[in-house]
Amino acid sequence: MLSIKNLKAEIDGKEILKGINLEVKPGEVHAIMGPNGSGKSTLSSVLAGNDRFTVTDGEVLFNGKNLLEMPAEDRSREGLFLSFQYPVEIPGVSMVNFMKTAVNEKRKYLGQGPMSAGDFLKMLRDKKKVVEIDDRLTSRSVNEGFSGGEKKKNEIFQMAMLEPKLSILDETDSGLDIDALRIVANGVNKLKTENTSSIVITHYQRLLDYIVPDVVHILYKGRIVKTGPKELALELEEKGYDWIKEIN
Amino acid sequence: MSDQDKILKDVTQSDYKYGFVSNIESETIPKGLNEDVIRLISQKKNEPEWMLEFRLTAYSRWLEMEMPKWAHLKIPEINYQDIIYYAVPKQMAKKESLDEVDPELLDTFNKLGIPLEEQKMLTGVAVDAVMDSVSVKTTFRETLAEKGIIFCSFSEAVQEHPDLIKQYMGSVVSSADNYFAALNSAVFSDGSFCYIPKGVRCPMELSTYFRINAANTGQFERTLIIADEESYVSYLEGCTAPQRDENQLHAAIVEIVIMDNAEVKYSTVQNWYPGDKNGKGGIYNFVTKRGLCKGVNSKLRWSQVETGSAITWKYPSTILLGNDSSSEFYSVAVTNNYQQADTGTKMIHIGKNTKSTIISKGISAGKSQNSYRGLVKISKNASGARNFSQCDSLLLGDKCGAHTFPYVECENNSAILEHEATTSKIGEDQIFYCNQRGISTEDAIGMIVNGYAKEVLNTLPMEFAVEAQKLLQISLEGSVG
Ligand SMILES: Nc1ncnc2c1ncn2[C@@H]1O[C@H](COP(=O)(O)OP(=O)(O)OP(=O)(O)O)[C@@H](O)[C@H]1O
Ligand SMILES: [Mg+2]
């Protein structure tokens with residue numbers, strides 16, 4: 001699914017990612033944890049194609065294709081989805097119009113015709129149920145005036161609509177209340193198949209109780225410094241990051 | 001180079017799709033402006049003596065006037081002796097039948113999406129097509145005449161309806177109103193005339209399409225619309241010009257008179273050639289548009305989508321004279337590259353219980369400057385007047401400028417005036433968010449801009465709203481970077 005080799009990236013001349021190696025297979029869930037500022041969001045931005053960051057070295061293959069050569073929109077159309085840590089507000093653009101455009105652009109890329117209005121509305125209804133998102137939210141402008149938690153829910157709703165192969169969830173749990181956390185995590189689980197994978201970035205074990213990872217990585221100062229089974233997350237919860245910092 | 005910069009480059013180099021030049025021979029008079037030139041224009045048009053006098057009076061006033069300097073515009077010196085004031089596509093005695101019209105000319109309008117064969121026309125739109133200095137063809141005249149509606153070129157109206165012209169020409173915008181109005185009054189060549197009789201709802205949209213083709217010429221047209229009591233008309237104006245390295249001058253006048261209980265909607269999609277990405281060439285657009293809500297409960301709505309011209313100087317205004325009369329001004333003005341726009345409106349409240357609404361949306365990109373300038377004036381006797389103004393600016397990138405100059409003069413304490421203003425920016429993070437959902441940068445900008453301008457676009461007649469939407473997107477393609 002995803003194969004990252006020695007990925008290095010910088011912003012404004014400052015190196016943030018210092019050689020990332022990561023292998024994600026179809027059906028796998030990987031958790032990435034790590035202290036603030038270690039480069040987790042940078043990694044997801046670079047994978048999603050945000051050109052504020054410059055890739056200086058390394059290689060990324062996404063289902064066999066050279067990911068780093070594709071423009072951001074093609075990465076999305078190929079099936080890469082990023083749930084943003086800080087979703088952006090787009091005033092004046094309705095959620096429905098936004099999603100219709102996104103869905104149809106992807107279909108066009110895959111050589112399919114646009115969806116009929118009826119099919120689209122049905123899809124919208126079905127996917128809203130998956131994340132139990134309020135009708136009122138989808139009739140508004142994209143994220144405009146949404147609460148922090150509503151924005152996160154809306155990310156997962158969009159994920160459901162776009163049916164990605166690989167989802168990167170960047171702290172989707174932060175800002176969610178306890179019920180919402182459960183709903184969102186259940187949503188993610190419902191969308192999971194043996195052919196789809198996720199990278200879950202989080203600070204808390206809480207989310208990993210629901211979305212159970214196959215592998216846990218610790219990112220520190222732009223490098224993956226430790227990789228282990230799901231118990232590694234529990235260990236971190238208990239001990240914090242000091243022991244990691246000491247050995248690095 | 002980032003992707004966005006690349007797109008910027010790609011698109012700004014293809015851009016203006018109406019920039020072609022038609023190979024039509026034109027008959028022009030020599031460059032320059034003096035009394036003899038004005039006499040010559042008048043003579044070529046076979047005008048009555050009173051029309052020549054109107055022109056000459058305007059000319060003598062113009063000579064005493066100076067170019068206005070108050071706008072937030074850098075206007076290069078214009079050499080008025082270096083302009084051709086009259087250019088006519090050859091063979092242009094106006095033809096009754098299309099068979100006689102130069103096919104190249106028909107082809108030009110076809111390319112612009114304005115077919116002049118009536119059976120091919122958008123149903124419900126009558127067009128007066130003006131090329132350079134003259135009206136080429138007015139469609140659906142007979143259909144309209146059955147209802148008593150007069151829709152013809154200004155020159156024909158001078159010949160056929162001299163009483164109406166004498167009564168109303170210059171009654172809303174006098175020939176001494178301002179520098180460009182005086183110039184237009186002296187040298188105007190053609191334009192449209194429209195009269196809707198009492199009690200008649202015009203059954204189709206009326207539209208004038210202006211095209212500058214000949215080089216080195218100025219275009220000076222005037223439009224006069226009279227809506228008699230209880231009548232209604234929706235009017236649309238469109239315009240384009242070839243891509244040329246030199247600047248060309250366009251100075252027009254629009255006058256609208258609206259009687260008791262009548263209503264006029266005047267929509268403009270202004271798409272003059274804006275100049276290239278380095279600011280070379282483009283139309284200088286200096287226009288005086290004014291409506292007089294003369295009658296009780298008369299209504300005027302201005303809708304404008306301004307995407308073209310190197311320089312735009314334009315303030316469609318309404319004089320609310322009749323009691324209970326009302327006017328709305330809806331505007332989207334887009335500037336990109338080195339374009340400059342200083343545009344807005346004036347609402348002059350004179351009658352009692354008069355109402356006005358101003359919704360202005362400025363969009364600036366590239367190194368452009370975009371200003372809103374508006375005046376709301378409430379006169380002493382205008383008791384119960386109301387105005388609501390909203391001026392929003394949207395910035396793409398950080399090298400452009402947006403400015404608002406709202407002026408209020410209020411002489412009556414019973415007036416209720418509200419003003420709102422916002423400035424926002426399309427950020428790279430918004431674009432990236434759209435990209436991440438599979439939406440290209442171009443489409444993302446189009447979507448955001450159209451969302452922003454929706455309120456204004458919704459006031460345009462359906463067919464044109466779609467056109468305008470596309471136009472907005474094209475004008476801004478590649479402008480974030
Ligand atoms: N424009 C920039 N200029 C310089 N440094 C930057 C810039 N943007 C991000 N950084 C730095 O890059 C580092 C990694 O940031 P990143 O957002 O990837 O961290 P993170 O692991 O996601 O942290 P958190 O857990 O707080 O979300 C931080 O030290 C941050 O300050
Ligand atoms: Mg982060």
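Helices (H or I, at least four residues) and strands (E, at least two) are DSSP runs, numbered from the N terminus. This is a predicted model, in which local features need pLDDT of at least 70, side-chain atom pairs count only at pLDDT 80 or more, and totals for chains, interfaces and linings use all residues. Residues are numbered from 1 along each chain as its sequence is written, chains are lettered from A and ligands numbered from 1 in the order in which they are written, and side-chain values use heavy atoms, with hydrogens and water left out.

**Exercise 1.** Find which strands and which residues line the largest cavity.

*Solution.* 
- Step 1: A cavity is a set of points, on a 1 Å grid over the protein atoms alone, where a 1.4 Å probe fits but cannot get out; lining residues have an atom within 4 Å of a point.
- Step 2: The count comes to 5 cavities of 30 Å³ or more, a volume being the space filled by probe spheres set on points joined across faces, edges and corners.
- Step 3: The largest cavity holds about 110 Å³ of space. It is lined by 16 residues, and the closest to its centre are Ser360(B), Gly362(B), Asn370(B), Ser371(B) and Tyr372(B).
- Step 4: In chain B, at least two lining residues come from each of β16 (326-335), β17 (340-349), β18 (355-364), β19 (369-378), β20 (386-396) and β21 (401-410).

**Exercise 2.** Work out which element gives the most to the lining of the second largest cavity.

*Solution.* 
- Step 1: Here the space is about 60 Å³. Of its 12 lining residues, Glu237(B), His250(B), Trp272(B), Val287(B) and Lys289(B) are the closest to the centre.
- Step 2: Two or more residues come from each of β9 (232-240), β10 (247-258) and β12 (282-293) of chain B.
- Step 3: β12(B) gives the most, with 3 residues.

Conventions. 1 Å grid on protein atoms, 1.4 Å probe; cavity = no way out; pocket = protein on both sides within 12 Å on 5 of 7 lines; lining within 4 Å.
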